[in-house]
Amino acid sequence: VHKGDHQAVVEACQQVIREQPKYRPQCLRYQVKALEALGQDRALEKLLTAIMADRPLPWALVALADLYRRMGQLDKAENLLEQGVRQFPMLPMIYDGLAAVYRERDDLPKAQQWLEQGLRISPHVLHRQIELGTVARHNQDGETALKAWRQAVELGRNSVFHSAENHLNLAATLNDQLGDNPDPKITLELRQTLNEMEQTWS
């Protein structure tokens, strides 16, 4: 694994599964990642389909749906993820997957709905807030976009993902809110956001 020899990982996993079946769950995940890295989509689809037929596992369902989406088979991805919502309703990655399907279809209002559902389950995830902020701004839903970018800035503040880009997006979304009669609170927040960005990254 550490050497990046993905074909060797696939072969090693197959051998371990044959000889020591108790390690099968861990090996299957390694095998899936290796096949993804090798770009062997057909072999990956076959493996994930077999895993799901044996026992529906959340990580395998999401991986198979992602594969279908990458292959342009959006209906298959959607059907599988909707099945996942019924089986694993508290798994936010499934809602992320459905949002991605609808983004591919350029149906951003529906993508926003799925992202919001995922955030109701797990609100403190930076990439999900960034995705919602981006989609909501495209949808001209300023209130939702503003809330999402504020959260993204706050979540990133004390993490390795602290990013000037999140501040810029927050500033741009605040600027969208100004209009003809600017709210003094929005004006102040915009100034503070830009000042913080300048002090941190200049």
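**Rings, cysteines and cores**

The count of aromatic pairs here is 1. Rings of Phe, Tyr and Trp (its six-membered ring) pair if their centres lie within 6.5 Å; planes under 30 degrees apart count as stacked, over 60 as edge-to-face and the rest as tilted.

This is a predicted model, in which local features need pLDDT of at least 70, side-chain atom pairs count only at pLDDT 80 or more, and totals for chains, interfaces and linings use all residues. Residues are numbered from 1 along each chain as its sequence is written, and side-chain values use heavy atoms, with hydrogens and water left out.

A ring also meets a charge. The charged end of Arg105 sits over the ring of Tyr102, 5.3 Å from its centre. The rule asks for NZ of Lys or CZ of Arg within 6 Å of the ring centre and within 35 degrees of the ring normal.

Now the cysteines. The whole structure holds 0 disulfides (pairs of cysteine sulfur atoms within 2.5 Å). Cys13 is buried, at 5% relative accessibility (buried means under 20% relative accessible area, with a 1.4 Å probe and protein chains only). Cys27 is buried too, at 9%.

Next, the largest nonpolar core. It has 44 residues, and Leu48, Ile51, Trp59 and Ile94 touch the most other members. Such a core is a set of buried Ala, Val, Leu, Ile, Met, Phe, Trp, Tyr and Cys residues joined through side-chain atoms within 4.5 Å. Apart from it lies another core of 13 residues, including Leu126 and Trp149.

Note on methods: Buried < 20%, exposed > 50% of the residue type's maximum accessible area, 1.4 Å probe, protein only.
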